[in-house]
Amino acid sequence: MKGNSVPEIGCESLVFDPRTGGTSAGGTGYRRGVSADPPQRAVEVRRSARRRRTVSAYREGDRTVVLIPARMSEAEEQRWVGVMLDKLAAQESRRTFGDAELTERAAQLSEQYFDGRACPRTVRWVTNQNTRWGSCTPAEGSIRLSHRLQGMPEYVVDYVLLHELAHLLVPGHGPRFWALLEAYPRTERARGYLEGVVAAERLPQVPAAREE
């Protein structure tokens, strides 16, 4: 996307790099009026003729308000509402799990989705994985997650953890492996989010819009 086709993303008290405008909203399940995140929260979209290039969102009581330019199509509206819901979720859950918390979370996910059959010996963050989100060494029972996941929505971190836990049970990426991950209801949404992050990193810098 180039020029004005990519709005600058803004959020109350938080400014995002415009390159994140490429983040995919695929699989968010956004429907007009209701967000996809439990507990279900009403989403109010407000269009403004004065707003030309910016998209912003904030929580207002038990609903989420998304502000968009009046000229946006319904398809663009749906995509950007999904993006902003993910951005808000990431902002609100931006606490960094330590290795101990990550290990505990992995045990909870294994119990919930794999009947406790995936039992890693170690689960930790690493800073030397810039081309993959996670890795697993089944022979050692070790799982490593990239530090780049820190600050992303928890459902995305959970998906990567489950992906690596599944490798403790099935080494490759065949039908049995993906059948395991089908138990996690946000698999496709998390994959879309991560694919969007990768795509966004390849986008050129978008000039910042003037204050409106």
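**View 1. Buried residues of helix H5.** The buried residues of H5 are Thr187, Arg189, Ala190, Gly192, Tyr193, Leu194, Gly196, Val197 and Ala200. Buried means under 20% relative accessible area, exposed means over 50%, and partly exposed lies in between (1.4 Å probe, protein chains only). The helix has 15 residues. From its first C-alpha to its last, H5 reaches 22 Å, close to the 21 Å expected at 1.5 Å a residue. That expected span is 1.5 Å times one less than the number of residues. Helices (H or I, at least four residues) and strands (E, at least two) are DSSP runs, numbered from the N terminus. The model is predicted: local features need pLDDT of at least 70, side-chain atom pairs count only at pLDDT 80 or more, and totals for chains, interfaces and linings use all residues. Residues are numbered from 1 along each chain as its sequence is written, and side-chain values use heavy atoms, with hydrogens and water left out.

**View 2. The largest nonpolar core.** This core has 33 residues. Phe114, Leu145, Leu149 and Leu194 have the most contacts inside it. Two or more residues each come from helix H2 (99-114), strand E6 (122-126), strand E8 (142-146), helix H3 (154-169), helix H4 (175-181) and helix H5 (187-201). H3 gives the largest share, nine residues. Apart from this core lies another, of 12 residues, among them Val55, Ala57, Val66 and Trp80. A nonpolar core is a set of buried Ala, Val, Leu, Ile, Met, Phe, Trp, Tyr and Cys residues joined through side-chain atoms within 4.5 Å.

**View 3. Surroundings of Leu145.** Not counting residues up to four places away in sequence, Leu145 touches Leu102, Arg124, Trp125, Val126, Gln129, Trp133, Gly134, Val157, Val160 and Leu161. Contact means heavy atoms within 4.5 Å. Gly134 stands opposite Leu145 in E8.

**View 4. The three-stranded sheet.** The sheet is open, with the order E6-E8-E7 and mixed pairing. E6 and strand E7 (134-137) stand at the edges, each with a single partner strand, so one side of each has no neighbour in the sheet. The twist averages 20° from one strand to the next. H2 lies across E6 and E8, running at about 130° to E6. Axes are lines fitted to C-alpha atoms, for helices over the stretch in contact; angles run from 0 to 180 degrees between N-to-C directions.

View 5. E7 and E8 run antiparallel, joined by four bridges. Two strands pair if DSSP finds at least two bridges between them. Four residues lie between the strands of this hairpin. Gly141 in the turn has a positive phi of about 70°. Cys136 stands opposite Ile143 in E8. Cys136 counts as buried because its relative accessibility is 18%. Cys119 counts as exposed, at 56%. The disulfide count is zero, where a disulfide is a pair of cysteine sulfur atoms within 2.5 Å.

**View 6. Asp115 in its loop.** Asp115 lies in the loop between H2 and E6. Its phi is near 55°, a positive value in a residue other than glycine. Most residues other than glycine have a negative phi. Asp115 counts as exposed because its relative accessibility is 64%.

**View 7. Ala179 in helix H4.** Ala179 lies in helix H4. With a relative accessible area of 44%, Ala179 is partly exposed. The C-alpha atoms of Ala179 and Ala166 are separated by 9.8 Å. Along the chain, these two residues are 13 residues apart.
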